Amino acid sequence: MQKLNLSRRHFLAGAGLAAGSAVLAGCGGTSAPAASGSAAGSAAASDDPNKITFALDWTPNTNHTGIYVAQAKGFFKDEGLEVEIVQPAEDGTEAMVGTGQVQFGVSFQDYIANSLVSGNTGITAVAAIIQHNTSGIMSRKEDGITSPAKMEGHSYGTWDLPVEQGVVKQAVESDGGDFSKVELVPNEASDEVSALKADQFDTVWVYEGWAVQNARIQGFDYNYFSFISVDDVLDYYTPVIAGNVDWMKANPDQAKAFLRAAKKGYEFAIENPDDAADILLEAVPELDADLVKESQAYLTGQYTADAASWGVIDGDRWANFYKWLNDNKLVDGDLDVTSGWTGDYLEA
């Protein structure tokens with residue numbers, strides 16, 4: 001069976017999901033189906049509060065391992081829950097969660113911002129899947145682009161999305177560079193490493209948990225710097241678990257039970273990355289096993305990182321990024337910087 005390694009960022013930019021945003025998850029995906037559920041278009045919220053539908057943001061990958069572990073190890077069942085995992089509809093997971101088509105799903109801090117300013121107030125983040133932003137810029141080692149300012153005079157493969165370009169501009173200028181001297185070229189690459197090898201561009205936004213691990217597997221000599229090493233404001237939450245506001249208010253016990261089970265799943269992945277990777281690969285055999293193993297080993301230290309426990313969201317850090325979006329006019333409207341998340345359902 002062919003192993004697939006399609007960039008999630010390529011898919012989402014091409015599909016036009018979450019227009020105006022380019023802050024995606026910590027790793028890539030494939031075209032494999034969500035093994036535990038039906039097509040997202042057929043997902044519908046059940047009247048039984050113990051039956052929960054969970055929408056991925058894209059196809060299964062190591063960001064989702066804890067959910068697949070919780071399903072396979074019976075953690076959801078132990079909480080009296082029946083959980084179905086589905087892929088997102090064309091209008092994105094945010095619309096599915098916000099309208100109550102599903103109870104929970106994978107989203108991102110900036111996607112939630114776009115949802116809120118567009119009137120979708122039915123969605124809120126309830127847990128951080130990964131504690132810090134694990135993305136940055138990768139380039140060919142031979143080009144010597146070891147910091148954002150050194151992107152001057154080189155090309156950057158862009159998805160032509162406001163938040164994406166705003167983040168790169170912030171990084172370049174925080175490092176003392178001139179963003180206007182960075183050449184922006186269209187990026188439609190499905191594999192960032194292959195695109196760099198083919199000189200499609202000199203620099204590209206990647207996630208350390210996926211593309212950087214792919215470079216290592218391929219023996220590709222690269223330079224990489226993270227956004228958070230340049231400017232703290234770029235340390236936003238990507239990805240998160242989001243829930244439907246009304247459903248959780250009506251069913252708080254079930255919401256807490258779901259997050260307890262999910263937390264157990266991610267804690268298992270932290271303690272047993274190889275076994276967790278096997279669980280994901282068993283559910284989705286189309287994934288590249290070597291890449292999944294490397295990615296899972298990397299994310300072991302990123303799911304919780306320096307937080308007190310998995311899932312914790314720092315309200316100050318959340319608000320700091322939303323203030324930055326407002327200040328740079330990267331969302332349509334005035335965003336309440338304290339909105340879009342709650343700690344009411346995640347237990348310590």
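**Figure 1. Pairing of strands β1 and β3 in the predicted model.** Strand β1 (residues 51–55) and strand β3 (residues 104–107) run parallel and are joined over 2 bridges, where strands are DSSP runs of E of at least two residues, helices are runs of H or I of at least four, both numbered from the N terminus, and two strands pair if DSSP finds at least two bridges between them. Within this pairing, Phe54 stands opposite Phe104 in β3. Strand β2 (residues 82–86) is likewise parallel to β1, with 5 bridges between them, and here Phe54 stands opposite Ile85. Because 4 of the 5 residues of β1 are buried, the strand is largely enclosed by the rest of the structure; buried means under 20% relative accessible area, exposed over 50%, and partly exposed in between, with a 1.4 Å probe and protein chains only. Residues are numbered from 1 along each chain as its sequence is written, and side-chain values use heavy atoms, with hydrogens and water left out. As this is a predicted model, local features need pLDDT of at least 70 and side-chain atom pairs count only at pLDDT 80 or more, while totals for chains, interfaces and linings use all residues.

Figure 2. Tyr236 belongs to the loop between β9 (222–226) and β10 (240–244) and Phe321 to helix α13 (residues 315–327), so the pair ties together parts that are 85 residues apart in sequence. Tyr236 and Phe321 are both buried. Elsewhere, ring pairs link Phe54, Phe76, Phe104, Trp247 and Phe258 into a cluster. The charged end of Lys264 sits over the ring of Phe75, 5.9 Å from its centre, the criterion being NZ of Lys or CZ of Arg within 6 Å of the ring centre and within 35 degrees of the ring normal.

**Figure 3. Packing of helix α11.** In helix α11 (residues 273–283), the buried residues include Ala276, Ala277, Ile279, Leu280 and Leu281. The buried residues of this helix pack against α2 (65–72), α10 (252–271) and α12 (289–299), contact meaning heavy atoms within 4.5 Å.

**Figure 4. Nonpolar cores.** A nonpolar core is a set of buried Ala, Val, Leu, Ile, Met, Phe, Trp, Tyr and Cys residues joined through side-chain atoms within 4.5 Å. The largest has 57 residues, and those with the most contacts inside it are Ile112, Met151, Val168, Trp205 and Leu325. Leaving aside residues up to four places away in sequence, Leu325 touches Ala113, Val163, Leu330, Val331 and Leu335.

**Figure 5. Surroundings of Gln165.** Gln165 is located in helix α6 (residues 162–174) and, at 18% relative accessibility, counts as buried. Not counting residues up to four places away in sequence, Gln165 touches Thr158, Asp160, Phe179 and Leu184.

Key:
Phe/Tyr/Trp six-rings, centres within 6.5 Å; stacked < 30°, edge-to-face > 60°.
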